[in-house]
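Hello,

Here is the structure I promised to pass on to you. Have a look at it first, and then read my notes below.

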Amino acid sequence: VIEEHDREIYSSTQDGGEPFQMTHDQEKQEFALSDTDKVYLRGDVRITLYDREQETGKDRLLCYFWFHTGFIQDPTTTFSKAHIDMAWSDTNCRTFRDEFRIQLGFRHLSETGKLS
């Protein structure tokens, strides 16, 4: 789920979509939003990851982090485990490995509305 100023602007399950499938034992867990998703971000942004329980189908809050787009300078920004709420406190690595990180890629939107 991606929120901007406390308003949800993207969810993988919106419009009947399915959650991204990942497992703890995967060497690399990744997913990408396509260009057709067109998630434009500005200001304070919160990204939240949930774990869907197989038995109940309910979502459990896994972790989240905040950033402000004004501080994004590079096309790629990486958040380490130490900078992700709820992940940093998993010192026994039950859910998050020590090397856990989230990497985001950005493209600049010009004033004319074109991506660069």
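**What I found**

A polar atom in the side chain of aspartate 90 sits 2.7 Å from the backbone nitrogen of phenylalanine 96. Please keep in mind that this is a predicted model.

Where does aspartate 90 lie? You will find aspartate 90 in the loop between β5 (76–80) and β6 (101–105). Aspartate 90 is buried, yet it has no salt bridge. If you set aside neighbours within four places in sequence, the contacts of aspartate 90 are Lys81, Thr95 and Phe96.

Now for the chain as a whole. The protein chain has six strands and zero helices, and 21% of its 116 residues count as buried. Its accessible surface comes to about 9000 Å², with 46% of that belonging to carbon and sulfur atoms.

There is also a nonpolar core to explore. The largest one has 15 residues, and Ile47, Phe65, Phe67, Ile84 and Leu104 touch the most other members. At least two residues each come from β3 (44–52), β4 (59–68) and β6, and β4 gives the most, with four. In soluble globular proteins, nonpolar side chains tend to be buried together.

Enjoy exploring!

Note on methods. Residues numbered from 1 in each chain as written. Predicted model: local features only at pLDDT ≥ 70, side-chain atom pairs only at ≥ 80, totals over all residues. Heavy atoms only, no water. Buried < 20%, exposed > 50% of the residue type's maximum accessible area, 1.4 Å probe, protein only. Lys, Arg positive; Asp, Glu negative; His and termini not counted. Salt bridge = Lys/Arg side-chain N within 4 Å of Asp/Glu carboxyl O. Polar contact = N/O pair within 3.5 Å; in protein donor to acceptor, adjacent residues only side chain to side chain. Contact = heavy atoms within 4.5 Å. Areas by Shrake-Rupley, 256 points an atom, 1.4 Å probe, with all protein chains shown as cover. Core = buried A, V, L, I, M, F, W, Y, C linked by side-chain atoms within 4.5 Å.
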